[in-house]
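This report describes the architecture of a single protein chain for a reader who is new to structural analysis. Please keep the sequence and the structure in view while reading.

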Amino acid sequence: MLQTHLETERLMLRLFQSTDAKSVQKLAGHEEIARTTLGIPHPYPDGVAEAWIEHVRRAAERGEMFSFALIRKEDHQLIGCVSLRVKSANDGELAYWVGRPYWGQGFATEASKKVVNFGFEVLGLNRVYAKAMTKNPASYKVMSKIGMKYKETLSRHLLKSGVYEDLVLYEMTRPKSMI
Ligand SMILES: CC(C)(COP(=O)(O)OP(=O)(O)OC[C@H]1O[C@@H](n2cnc3c(N)ncnc32)[C@H](O)[C@@H]1OP(=O)(O)O)[C@@H](O)C(=O)NCCC(=O)NCCS
């Protein structure tokens with residue numbers, strides 16, 4: 001059984017549960033979250049959060065993806081999500097969103113660092129990468145702050161709302177101290 005309860009200075013990280021659906025709909029349903037992510041709809045219809053939580057619960061059971069709810073310790077509020085998708089025995093892809101009211105306080109950085117370590121130490125991954133739209137500097141700033149390095153820009157890589165978006169790819173390999 002994997003240890004999927006993680007902790008940072010200000011956050012508890014745990015897998016999503018059905019009772020999180022209302023918070024997910026409210027936070028992920030903000031227009032500014034949909035604008036720079038691929039799979040999050042706006043407006044965010046009723047029932048989507050419940051279905052997504054069930055989907056990620058099963059994916060975690062199969063060891064394919066671990067989506068962590070970010071719970072602020074001081075008030076037990078759910079404030080965001082950091083996911084690690086296992087792409088192969090060696091590789092994982094990191095993705096995240098933080099609710100609009102909680103931006104700019106270092107939460108994505110704090111949680112992502114912990115989840116990447118989970119990928120290396122618990123899942124035994126060798127490499128973790130992440131992609132962001134070039135119009136989303138906050139996201140690739142997080143990547144760089146957790147120690148990922150810029151790898152390349154993927155031109156017109158993704159079709160979003162009828163527009164081809166350029167993406168940047170960042171990555172890091174397991175630190176030697178963990179080998
Ligand atoms: C990207 C996101 C998760 C960042 O969350 P966050 O908790 O605010 O991130 P952090 O506070 O840990 O770090 C953000 C950094 O980006 C910086 N930043 C924010 N807006 C920026 C901008 N327009 N240009 C450059 N840097 C910017 C912040 O100053 C901060 O850096 P600092 O700590 O050196 O000051 C959040 O903005 C979000 O949920 N966006 C919508 C969903 C999304 O785009 N997810 C990523 C998909 S790849």
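Ser161 counts as exposed because its relative accessible area is 69%, and exposure requires a value over 50%. The model under discussion is a predicted one. Ser161 belongs to the loop that connects strand 7 with strand 8 (163–173), and its phi angle is near 50°, a positive value in a residue other than glycine. As background, most residues other than glycine have a negative phi, and most peptide bonds are trans.

Arg156 also has a positive phi, near 45°, although it is not glycine. This residue sits in strand 7 (residues 149–160). Its relative accessibility of 56% is why Arg156 is classed as exposed.

In the loop between helix 2 (31–34) and helix 3 (48–61) lies Gly39. Gly39 is exposed because its relative accessibility reaches 68%. Pro43 is found in the loop between helix 2 and helix 3, and a cis peptide bond with an omega of about -5° joins His42 to Pro43.

| Residue | Relative accessibility |
|---|---|
| Gly39 | 68% |
| Arg156 | 56% |
| Ser161 | 69% |

Just after helix 3 comes Gly63, with a positive phi of about 75°.

Eight strands make up an open sheet of mixed pairing, in the order 1-2-3-4-5-6-8-7. Strand 1 (6–7) and strand 7 are at the edges and have a single partner strand each, so one side of each lacks a neighbour in the sheet. Strand 7 runs antiparallel to strand 8, to which eight bridges join it. Within this region, Lys149 stands opposite Glu171 of strand 8.

Strand 5 (91–98) and strand 6 (127–133) lie across from helix 4, and they pair in the parallel sense over three bridges. Asp91 stands opposite Arg127 in strand 6. Is strand 6 mostly covered or mostly open? Six of its seven residues are buried, which leaves this strand mostly covered.

Helix 4 (residues 107–121) lies across several strands, among them strand 1, strand 2, strand 3 and strand 8, and runs at about 30° to strand 4 (78–86).

## The annotated domain

The UniProt record, an unreviewed entry, places the feature "domain: N-acetyltransferase" at residues 11–170. In the model, the end C-alpha atoms of this span lie 24 Å apart, and the span is 31% helix and 36% strand.

Conventions:
Residues are numbered from 1 along each chain as its sequence is written. This is a predicted model: local features need pLDDT of at least 70, side-chain atom pairs count only at pLDDT 80 or more; totals for chains, interfaces and linings use all residues. Side-chain values use heavy atoms; hydrogens and water are left out. UniProt positions are given in the numbering used here, feature names are shortened, and annotations may be inferred rather than shown by experiment. Helices (H or I, at least four residues) and strands (E, at least two) are DSSP runs, numbered from the N terminus. Buried means under 20% relative accessible area, exposed over 50%, partly exposed in between (1.4 Å probe, protein chains only). Two strands pair if DSSP finds at least two bridges between them. Contact means heavy atoms within 4.5 Å. Axes are lines fitted to C-alpha atoms, for helices over the stretch in contact, and angles run from 0 to 180 degrees between N-to-C directions.
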